[in-house]
Amino acid sequence: MDKSEILKRAQSDRCDEFESHVVLMSNRIGTVTLIVICALAAIVEVFRGNGIYQYFSIISGFECAAISYQFANLKRKPLLFATILSGLSFIIFTVLYILYN
């Protein structure tokens with residue numbers, strides 16, 4: 001392996017790390033934005049006298065999907081537990097929304 005190949009490999013590794021970091025940060029920003037928007041919409045609905053179960057359902061459904069994907073790829077037991085809990089949360093809030101809306 002000559003110097004140019006080593007340099008290309010080192011640069012591509014840094015690029016991959018940067019891309020991974022950007023994807024991670026964008027997911028975090030997206031999650032926080034989702035929660036903030038749902039919280040603001042829930043506050044408006046409370047002042048209108050309406051139920052807010054749909055917003056909890058949206059947030060827990062999003063988290064269930066994200067954690068399920070992590071568990072499918074990483075196969076860690078704590079992620080399985082979190083997947084089950086977030087899935088149950090999603091089902092409960094969806095049922096509450098259907099019953100009380």
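Leu 80 lies in helix H3, which spans residues 77-100. The model is predicted. Leu 80 has a relative accessibility of 36% and therefore counts as partly exposed. This class falls between the buried limit of under 20% and the exposed limit of over 50%. Leu 80 also belongs to a nonpolar surface patch.

The largest pocket was examined next. Its space amounts to about 280 Å³. Two elements each give two or more residues to the lining: helix H1 (3-48) and helix H2 (53-74). H2 provides the largest share, with 7 residues. Among the lining residues are Ser 20, Val 23, Leu 24, Asn 27 and Thr 31. Phe 62, Glu 63, Ile 67, Tyr 69 and Gln 70 also line the pocket, as do Ala 65 and Ala 66. By type, the lining divides into 7 nonpolar, 4 polar and 1 charged.

Charged contacts were then considered. Side chains of opposite charge can pair when their charged atoms come close. The count in this model is 1 salt bridge. The side chains of Arg 48 and Glu 45 form this contact, at 3.6 Å from N to O. Both residues sit in helix H1. They are 3 residues apart, about one turn of the helix.

Definitions and conventions: Residues numbered from 1 in each chain as written. Predicted model: local features only at pLDDT ≥ 70, side-chain atom pairs only at ≥ 80, totals over all residues. Heavy atoms only, no water. 1 Å grid on protein atoms, 1.4 Å probe; cavity = no way out; pocket = protein on both sides within 12 Å on 5 of 7 lines; lining within 4 Å. Points joined across faces, edges and corners; volume = space filled by probe spheres on them. Helix = DSSP H or I, 4+ residues; strand = E, 2+ residues; numbered from the N terminus. Nonpolar A, V, L, I, M, F, W, Y, C, P; charged D, E, K, R; others polar. Patch = residues over 30% accessible without salt bridge, like charges linked within 9 Å, V, L, I, M, F, W, Y side chains within 5 Å. Areas by Shrake-Rupley, 256 points an atom, 1.4 Å probe, with all protein chains shown as cover. Salt bridge = Lys/Arg side-chain N within 4 Å of Asp/Glu carboxyl O. Buried < 20%, exposed > 50% of the residue type's maximum accessible area, 1.4 Å probe, protein only.
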